[in-house]
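Reader: I'm new to this one and would like a quick tour. Could you show it to me before I start asking things?

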Amino acid sequence: MTHTPDPALPRLQGSLGVTSIVLMVVAAAAPLTVVSSNVPLAIALGNGNGAPYAFIIAAVVLLLFSVGFVAMSPRVTNSGAFFSYVALGLGRRPGNATAAIALVAYTCIQCAVWGFLGVATNSLVSGYVGVDLPWWVYSFLFIAITALLGYRHIELSAKVLGVALAAEILIVVVYDAVVFATSGGANVGGSFAPLSTVFDPGVAAAITFAIAGFMGFEATVVFRDEARDPDRTLPRATYISVLLIGGFYAISGFALIAAVHPGQAVDLAVTSINGDGTMLTDSMQQYLGVATGHIVQVLLITSLFACALSFHNVIARYLLAMSQNGLLPARVGAIHAKHRSPSTASLTQSVSAAVLLLALVLIGLNPIAQIYGFMAGVAAVGFLLLMILTSIAVWVYFRGAAARGRNLWRLRIIPAIAVLVLVATLIIVLSQFTLVTALSVPVSVVIAAVPAVAGLVGLLLRGGADRPASGDPAPELQTAPRKEPA
């Protein structure tokens with residue numbers, strides 16, 4: 001039975017511009033967090049000093065994907081992102097599967113961040129105050145703070161993210177500049193490993209962590225209802241976000257290798273991910289002074305928190321869109337009368353995050369090696385599946401009347417190329433997934449299969465909207481008339 005949402009259903013409102021949306025996306029990417037965790041992981045478990053190239057590869061893959069993603073954006077005028085694209089292009093059942101994969105992928109990456117954030121906060125507090133509490137105490141505290149911010153209007157979250165993001169980007173940019181200027185020509189030249197390292201078997205693990213570092217970039221369309229002039233704002237924000245994130249990660253990765261010396265980078269990265277050191281913080285103290293090392297400890301916490309808050313906002317809007325399309329109870333899609341926020345979806349997400357984290361704590365998993373490592377791997381696989389399904393949906397949608405008389409390269413050919421490239425990337429990631437988990441093949445297969453299993457469960461869901469006729473926007477996916485702020 002097809003579900004048709006109430007046309008009078010209240011919608012989110014706002015006036016976010018390109019800058020605000022880019023801030024939300026780049027904050028979700030958590031630049032300082034990725035440079036201090038994903039980059040060392042990619043170096044240690046991936047292709048060594050060639051790891052920064054993996055972030056360039058990931059950026060190119062996402063740019064290919066973004067061409068069709070942006071082209072279809074005006075036709076998908078609600079905030080369901082991947083879920084809405086696939087429902088419009090391929091139909092109800094694939095859309096439901098996409099929604100399930102998205103929830104699992106984003107919940108996993110957010111849980112990974114909660115574990116890392118708890119450890120980082122406890123390290124800071126115990127080092128300065130001498131109070132040593134279980135890491136999860138701080139994780140649950142930050143979940144509560146995030147629930148409060150997510151309950152309010154999105155502009156408040158954007159302001160919080162903006163302050164935290166500006167500080168962390170500034171410190172890493174200064175670090176990169178100082179390293180390249182003072183570390184010596186041999187170190188700088190040696191940090192740019194031969195391109196042949198791109199073909200090392202370990203590049204699969206490096207790409208996995210690189211892909212995970214880009215999660216959240218589709219927030220450019222998740223915030224459609226709250227964007228000012230979305231048809232112009234969202235494409236610009238998408239391309240800018242991918243280029244900024246990819247360039248920032250790659251340059252910072254080369255700088256980190258140059259700073260610690262190319263011959264020692266792999267050993268130090270292994271030491272860092274095992275919890276016996278902090279590769280980036282120690283290097284920053286060497287190049288920018290001891291005081292900077294203390295500042296970075298604080299900024300790492302704000303970076304992690306900004307990342308978790310961004311993921312919270314994305315997940316809440318997925319829940320909102322799913323509710324308004326009949327996949328979840330109608331009350332989950334309620335809009336707060338005062339804050340114009342997805343308040344019920346936000347609270348639902350907060351409770352589910354707390355429950356999942358509690359389960360992992362009770363199991364006794366290590367917050368970095370297991371919670372962060374495993375969850376980031378699952379999220380990367382899920383993210384690739386989401387982009388594959390979305391690119392196929394774009395290609396199918398523009399196959400008929402919707403593409404007539406339009407740019408076939410942008411609407412058909414490049415989306416088809418994106419599908420092939422994304423599938424190849426997924427195969428590469430899965431081929432060496434044991435490098436990510438450091439577990440046996442059977443266990444690694446089970447972990448990597450979690451997003452696919454979620455997708456199969458989603459196929460069984462009965463709610464959702466059937467695909468409209470080719471070339472026409474889906475009435476049930478359209479946004480109510482927008483009210484511009486006074």
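Reader: Which residues does L62 touch, leaving out those up to four places away in sequence?
Author: Keep in mind that this is a predicted model. L62 is among the residues with the most contacts inside the largest nonpolar core. Skipping residues up to four places away in sequence, its contacts are I211, F214, F217, V242, F383 and M387.

Reader: Okay, and how many residues does that largest nonpolar core have?
Author: Besides L62, the residues with the most contacts inside this core are Y106, Y318, F383 and M387. Helix α14 (residues 290-324) gives the core its largest share, 17 residues. Altogether, the core has 135 residues.

Reader: What kind of aromatic pair do F55 and Y249 form?
Author: A search of the whole structure turns up 14 aromatic pairs. In the one formed by F55 and Y249, the centres are 5.5 Å apart and the planes make an angle of 70°. An angle over 60 degrees counts as one particular kind, so the label for F55 and Y249 is edge-to-face.

Reader: How many residues apart in sequence are the parts that this pair ties together?
Author: F55 sits in helix α3 (residues 51-72), while Y249 belongs to helix α11 (residues 230-260). Both F55 and Y249 are buried. Because they lie in those two helices, the pair ties together parts whose separation in sequence is 194 residues.

Reader: What about F69 and Y85, what kind of aromatic pair is that?
Author: F69 is in helix α3 and Y85 in helix α4 (residues 82-90), 16 residues apart. Their ring centres are 4.7 Å from each other, with 25° between the planes. Planes under 30 degrees apart have their own label, so the F69 and Y85 pair is stacked.

Reader: Is Y85 buried or exposed?
Author: The cut-off for burial is under 20% relative accessible area. Y85 has 1% relative accessibility, and F69 has a relative accessible area of 1%. So Y85 counts as buried.

Reader: Which residue lies over the face of W395?
Author: Here a charge over a ring is what we're looking at. The distance to the ring centre of W395 is 4.4 Å, and the residue is R412.

Reader: Where in the chain is confidence lowest among the helices, going by helix α10 and helix α20?
Author: The chain averages a pLDDT of 80, and 81% of the residues score at least 70. Over residues 1-9 the pLDDT stays under 50, and over residues 466-486 it is below 50. Helix α20 (residues 450-459) has the highest confidence, at 93, while the lowest, at a mean of 69, belongs to helix α10.

Note on methods
Residues are numbered from 1 along each chain as its sequence is written. This is a predicted model: local features need pLDDT of at least 70, side-chain atom pairs count only at pLDDT 80 or more; totals for chains, interfaces and linings use all residues. Side-chain values use heavy atoms; hydrogens and water are left out. Rings of Phe, Tyr and Trp (its six-membered ring) pair if their centres lie within 6.5 Å; planes under 30 degrees apart count as stacked, over 60 as edge-to-face and the rest as tilted. Helices (H or I, at least four residues) and strands (E, at least two) are DSSP runs, numbered from the N terminus. Buried means under 20% relative accessible area, exposed over 50%, partly exposed in between (1.4 Å probe, protein chains only). A charge sits over a ring if NZ of Lys or CZ of Arg is within 6 Å of the ring centre and within 35 degrees of the ring normal. A nonpolar core is a set of buried Ala, Val, Leu, Ile, Met, Phe, Trp, Tyr and Cys residues joined through side-chain atoms within 4.5 Å. Contact means heavy atoms within 4.5 Å. pLDDT is the predictor's confidence in each residue, from 0 to 100.
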